[in-house]
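Please look over the model below with its ligand in view.

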Amino acid sequence: MIGNLQRSASSLAELLAKEGVTDQRVLEVIAHTPRHVFIDEVLKHKAYQNTALPIGQGQTISQPFIVAQMTALLRQHGVSSKVLEIGTGSGYQSAILAQLFDKVYSVERIKALQWQAKRRLHQLDLYNVSMKHGDGWQGWASQAPFQGIIVTAAASSVPEQLLQQLDDGGVMIVPIGDAEQKLMVYTRHGNQFNQQVMADVRFVPLVPGDII
Ligand code: SAH
């Protein structure tokens, strides 16, 4: 069983390489991370397909291709130590980050998802992810600055407070827009921010306000 699932994760990595993911470290980590652990029993047979899947509460686990590309972008910008993720969701993206960066901070507004994600990460012996139940628009000021910030839900406008939590030289990757979204990359140079448009993407919204 383990052997089969291991093969499944590695076949997913092979598929992503064919789709254009070139970062070998990211592919290696995807090949060794059991995505089925982050998915409900009834959908497990789809765990190693390159698709987003529902995870309950109206949320989704992101498409593996986009997980790989966003993670690779952080690495391309020299991120290695401290990363903030907004939108823990299933915990899959956190698990990938945890294996590539020293320390990961992850914020989720739905408590039930956060608990489940924490359990799954421990199940995989990943203990370098700190989690917070809170509003991602606010980031995690007490742990700032971050070398990298990755937002895994679509923001209607640039989350200014997150930009302020970036370290000098740091990078934030964030989908911006409502129905139509662009994946944006912001880099900080002192108090100047450069922005770059990467791709058209589709994420669930970064909900403003209340946590549940
Ligand atoms: N990284 C996740 C993707 C989950 S989908 C994964 O790999 O599975 C996006 C997540 O963002 C959802 O879990 C949703 O509840 C969360 N989210 C949406 N708005 C938020 C906000 N304002 N603050 C924190 N989390 C938020």
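**Notes on the ligand site**

1. The shell around the ligand is made up of 11 nonpolar, 11 polar and four charged residues, where Ala, Val, Leu, Ile, Met, Phe, Trp, Tyr, Cys and Pro count as nonpolar, Asp, Glu, Lys and Arg as charged, and the others, Gly among them, as polar. The model is a predicted one, in which local features need pLDDT of at least 70 and side-chain atom pairs count only at pLDDT 80 or more, while totals for chains, interfaces and linings use all residues. Residues are numbered from 1 along each chain as its sequence is written, and side-chain values use heavy atoms, with hydrogens and water left out.

2. In total 26 residues surround the ligand, and the closest are Ser90, Glu108, Asp135, Gly136 and Val207; a residue is near a molecule if one of its heavy atoms lies within 4 Å of it.

3. A polar side-chain atom of Glu108 is placed 2.6 Å from a ligand oxygen atom, and a backbone N or O atom of Gly136 lies 2.6 Å from a nitrogen atom of the ligand. An N or O atom in the side chain of Thr152 is 3.1 Å from a ligand nitrogen atom. The protein covers 100% of the 580 Å² of accessible area that the ligand has on its own, by the Shrake-Rupley method with a 1.4 Å probe.

4. The ligand takes up the space of the largest pocket, a molecule being counted as sitting in a pocket if more than half of its atoms lie within 2 Å of its grid points. Strand S2 (59-61), helix H4 (92-98) and strand S4 (103-108) each give two or more residues to the shell, and S2 gives the most, with three; helices (H or I, at least four residues) and strands (E, at least two) are DSSP runs numbered from the N terminus.

5. The largest pocket has a volume of about 790 Å³, which is the space filled by probe spheres set on grid points joined across faces, edges and corners. Its lining has 48 residues, and those closest to its centre are Ser62, Ile66, Thr152, Ala153 and Phe203. A pocket is an open set of points on a 1 Å grid over the protein atoms alone, with protein on both sides within 12 Å along at least five of seven lines, and lining residues have an atom within 4 Å of a point. H3 gives the most to this lining, with seven residues.

6. The peptide bond from Ala144 to Pro145 is cis, with omega near 5°.

Technical notes:
A polar contact is a pair of N or O atoms within 3.5 Å; within protein, one must be able to donate a hydrogen and the other to accept it, and residues adjacent in sequence count only if both atoms are side-chain atoms. On a 1 Å grid over the protein atoms alone, a cavity is a set of points where a 1.4 Å probe fits but cannot get out, and a pocket is an open set with protein on both sides within 12 Å along at least five of seven lines; lining residues have an atom within 4 Å of a point.
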